[in-house]
Amino acid sequence: MTTARPSTISEAYAESVRRLTERRVPDASTEAGELLATAIPCRRLELPLLGREPMSRRQHASLRRLLRQRCRRKPLAYILGEWTFADVRLRLNRDVLIPRPETEELFEFVLKTLTEVSAPRHVADIGTGSGCLAVTLAKHLPGVRVTAVDISRKALRVAKKNAVQNGVAGKIRFVHGDLLAPLRASAFLNAVVANLPYVARKDFSTLAPELRYEPRRALAGGPDGLSLIRRLIPQAMEKLKPTGWLFLEVGHGQSRKVRAELRRAGFEDVAIKTDMAGIERFLAARKPKERV
Ligand SMILES: C[S@@+](CC[C@H](N)C(=O)[O-])C[C@H]1O[C@@H](n2cnc3c(N)ncnc32)[C@H](O)[C@@H]1O
């Protein structure tokens, strides 16, 4: 901040909102609250109660440092170093994608489907990143074993820490490699869940500035965004047990193409589900029963 040091917490809040708004940071008032609560430190809900309290020199310096980063459009999650996904707290750094609210919806969809239908014993999370899906599924599906795969060793290190922090490390096996290739060559999975990179090459230049901080390998899905998903579908068909499920998250405008790929590969009951914004975001499909 170039202006004089705000004397109270509420003045610091107003100044922070102004700075973030000037830099066109979306949702400036919520983010100002998060940064101020980190600088003080206190819980965000406590801020209104502390409004008249004076800001110390140390708190002010800390807020200035945090604001500087956010004004350069570094995402809040990387500044804070942690994030909430569904009901778990995750540690994050720039080696992993910041879990999105849509993926929380994917988690809820997978959990509901798998709990209603059967008690899955073995689920694979392909492209685990921070481990958000692996950790929440391991936490909520009793008796399940999750295999979490990522091509990035650095991402796997973050995901492992998140599994330990949330008490589910014993239920998850972390595997380095390309999609389902590192898993044994037999039909042993009850479900495959994947939020793979799906940004098309031509769309990269139009992305929000915050996305420049995220690993390109977590976003780039080849010329039309579907290169990885297209490769995963036949692999899932091979490694799923009969009647096993494949769940996918896809980008805006991709769902119909993916549905066609799933049908072509022999999947049945292919369904598209919209997210909260009404975008066709998720697909579920089943491997057919074994014919006798
Ligand atoms: C869109 S991010 C999703 C991360 C996390 N599942 C989530 O939902 O937040 C995709 C992840 O897939 C990983 N990935 C990219 N290519 C891969 C491949 N060929 N095999 C396995 N993982 C891959 C990336 O490293 C990244 O962690």
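**Ligand shell, sheet and helix packing**

The shell around the ligand comprises 13 nonpolar, seven polar and three charged residues; Ala, Val, Leu, Ile, Met, Phe, Trp, Tyr, Cys and Pro are counted as nonpolar, Asp, Glu, Lys and Arg as charged, and the others, Gly among them, as polar. The model is predicted: local features need pLDDT of at least 70, side-chain atom pairs count only at pLDDT 80 or more, and totals for chains, interfaces and linings use all residues. Residues are numbered from 1 along each chain as its sequence is written. Among the 23 residues around the ligand, Gly-127, Gly-129, Ile-151, Asn-195 and Ala-218 come nearest (near: C-beta atom, placed from the backbone, within 6 Å of the molecule or strand). At least two shell residues each are supplied by α7 (132-140) and β4 (145-150); helices (H or I, at least four residues) and strands (E, at least two) are DSSP runs, numbered from the N terminus.

Seven strands form an open sheet with mixed pairing, in the order β5-β4-β3-β6-β7-β9-β8; two strands pair if DSSP finds at least two bridges between them. Its edge strands, β5 (172-176) and β8 (268-274), each pair on one side only. Strands β3 (residues 122-126) and β6 (residues 189-194) pair in the parallel sense over four bridges, and Ala-124 has Val-192 of β6 as its bridge partner.

Helix α6 (residues 101-117) packs with α7 at an angle of about 35 degrees, the axes being 10 Å apart. Axes are lines fitted to C-alpha atoms, for helices over the stretch in contact, and angles run from 0 to 180 degrees between N-to-C directions. The residues of this contact (C-beta atoms, placed from the backbone, within 7 Å) include Phe-107 of α6 and Leu-133 of α7. Six of the contact residues are nonpolar, three are polar and none is charged.

How values were computed:
Two residues are in contact if their C-beta atoms, placed from the backbone, lie within 7 Å.
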